[in-house]
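The following exercises are to be worked with the sequence and the model at hand. Each task is followed by a solution in steps.

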Amino acid sequence: AVNGDRALYETFFKRIRETSATGDLQTANARIVDYAVVPLYPVKPKKKLIVALVMVVSLMFGIALAFLLDALDATIKNADDIDYKLGFSLLGIIPLLPSSLTNGLTKGLTKGQEPDINSTAVRAFIHSDNHGFTESVRTLRTGLTLATLETPAPCLLFTSSIPGEGKTTSSVNLATAYGQMEKTLLIDADMRRPSVAKQLRLPVGSKGLSNAVAYPELLDESIHHIEDLNIDVMPSGVIPPNPLELLASQNFEQILKTLRSRYDRIIIDSPPIGAVSDALYLSTLVDGVVYVIKADSTKDKLVKTGLSRLDQSNARILGVVLNQLDTEKEARYGYNSGGYYDAYQYHEKTV
């Protein structure tokens with residue numbers, strides 16, 4: 001028993017000494033593998049990659065937005081739209097006149113008269129230095145000649161969907177182009193908002209169509225010769241309270257018959273078909289109708305409605321004129337509307 005107690009005591013005392021010897025020893029729970037080095041540039045975020053991704057996504061979004069806006073654009077922008085959306089033949093394209101040319105055009109005005117963009121634009125075929133515009137009017141004249149080879153159309157009607165599409169400017173310039181070859185008369189049949197007399201600077205109160213219809217003996221006094229354009233013009237005259245009834249009278253038909261015997265070419269400028277029905281009635285009296293559309297402005301739905309109404313009236317629609325086309329803008333989008341004229345340096349920059 002004594003030996004057993006002694007062995008137990010020695011074991012216990014040995015443990016106490018071991019515990020006392022190792023009590024101040026701290027065992028490390030980590031070790032240094034490699035010392036830290038300060039980086040030269042940040043690891044995150046990867047700015048170059050982020051910028052590149054943003055540019056790619058933005059480009060894709062911009063392209064998608066451009067296609068969406070083009071799909072939602074319901075206007076007639078170029079010659080392709082006329083064939084694709086309307087299905088009618090294109091007689092000609094008249095480019096947008098640069099403002100610098102129209103503002104500087106003073107020929108044909110009497111002394112003391114100030115030029116404005118309307119009165120100068122109607123004289124652009126003769127007096128403007130914009131050869132592209134001049135050639136486009138000649139092309140329109142040629143297009144009409146080709147469209148009427150089998151069935152001539154000496155009496156033409158110009159109309160449009162809404163006001164402001166440039167049908168008066170187009171009709172005056174075309175009449176001037178015909179005036180170089182034929183005896184031509186321009187009639188302003190828009191007796192609601194007449195503009196021919198004002199744009200050609202005829203005296204205020206000049207007799208015109210309404211006077212001739214009401215009093216047929218005044219027919220010769222109602223026709224005015226424009227010397228610099230070499231054409232005769234019959235303005236609207238006094239604005240009547242009932243223009244359509246005046247145009248639908250027997251006197252007007254008789255006057256038109258008389259004028260056909262006097263002139264080789266008659267061009268009638270009528271009101272827009274979307275506003276009133278004057279053009280519908282006049283279309284039954286003429287040999288052909290020319291429909292003017294302002295490029296990148298008029299909704300295709302309005303144009304289709306107007307052409308449909310003319311078709312239902314059995315009008316002979318010769319074709320469409322795309323007016324005021326911005327050739328610079330179309331060229332940026334890849335459409336070469338200038339074509340022939342650009343190749344011969346007829347193109348002018350719009351200011």
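**Exercise 1.** In the hairpin of strand 4 and strand 5, identify the residue that takes a positive phi.

*Solution.* Asn-230 takes a positive phi near 60°, in a hairpin with four residues between strand 4 and strand 5. Strands here (E, at least two residues), like helices (H or I, at least four), are DSSP runs numbered from the N terminus. The model is a predicted one: local features need pLDDT of at least 70, side-chain atom pairs count only at pLDDT 80 or more, and totals for chains, interfaces and linings use all residues. Residues are numbered from 1 along each chain as its sequence is written, and side-chain values use heavy atoms, with hydrogens and water left out.

**Exercise 2.** Describe the surroundings of strand 6 and name its partner strands.

*Solution.* Step 1: five of the five residues of strand 6 (residues 265–269) are buried, so this strand is largely enclosed by the rest of the structure.
Step 1: one side carries Arg-265, Ile-267 and Asp-269, and the other Ile-266 and Ile-268; both faces are covered.
Step 2: strand 2 (residues 155–160) pairs with strand 6 in the parallel sense over four bridges, with Leu-156 and Ile-267 as bridge partners. Strand 3 also runs parallel to strand 6, joined by five bridges.

**Exercise 3.** Is Thr-184 buried or exposed, and which residues does Thr-184 touch?

*Solution.* Step 1: Thr-184 lies in strand 3 (residues 184–188) and stands opposite Arg-265 in strand 6.
Step 1: Thr-184 counts as buried because its relative accessibility is 2%.
Step 2: leaving out residues up to four places away in sequence, Thr-184 touches Ala-175, Tyr-178, Gly-179, Ile-231, Asp-232, Tyr-263 and Arg-265. A contact means heavy atoms within 4.5 Å.
Step 3: the side chain of Thr-184 also reaches the backbone nitrogen of Gly-179 at 3.5 Å.

**Exercise 4.** Characterise Pro-154 by its place, its accessibility and its contacts.

*Solution.* Step 1: Pro-154 is found in the loop between helix 7 and strand 2.
Step 1: with a relative accessible area of 31%, Pro-154 is partly exposed.
Step 2: not counting residues up to four places away in sequence, Pro-154 touches Arg-260, Asp-264, Arg-265, Ile-266 and Asp-287.

**Exercise 5.** Compare the span of helix 7 with the expected value, and list its buried residues.

*Solution.* Step 1: the expected span is 1.5 Å times one less than the number of residues. Helix 7 (residues 131–147) has 17 residues and reaches 24 Å from its first C-alpha to its last, close to the expected 24 Å.
Step 1: the buried residues of helix 7 are Gly-132, Phe-133, Thr-134, Ser-136, Val-137, Leu-140, Arg-141, Gly-143 and Leu-144.

**Exercise 6.** Which residues touch the most other members of the largest nonpolar core?

*Solution.* Step 1: a nonpolar core is a set of buried Ala, Val, Leu, Ile, Met, Phe, Trp, Tyr and Cys residues joined through side-chain atoms within 4.5 Å.
Step 1: the largest core has 43 residues, of which Leu-209, Leu-259 and Ile-268 touch the most other members.
Step 2: apart from that core lies another, of 32 residues, including Ala-124, Val-137, Phe-158 and Ile-267.

**Exercise 7.** State the average confidence of the chain and name a stretch with pLDDT below 50.

*Solution.* Step 1: pLDDT is the predictor's confidence in each residue, from 0 to 100. The chain averages 84, and 85% of the residues score at least 70.
Step 1: over residues 111–117 the pLDDT is below 50, and this stretch has eleven contacts in the model beyond near neighbours in sequence. Residues 338–351 also have a pLDDT below 50, with 28 such contacts.

Terms used:
Buried < 20%, exposed > 50% of the residue type's maximum accessible area, 1.4 Å probe, protein only. Polar contact = N/O pair within 3.5 Å; in protein donor to acceptor, adjacent residues only side chain to side chain. Pairing = 2+ DSSP bridges.
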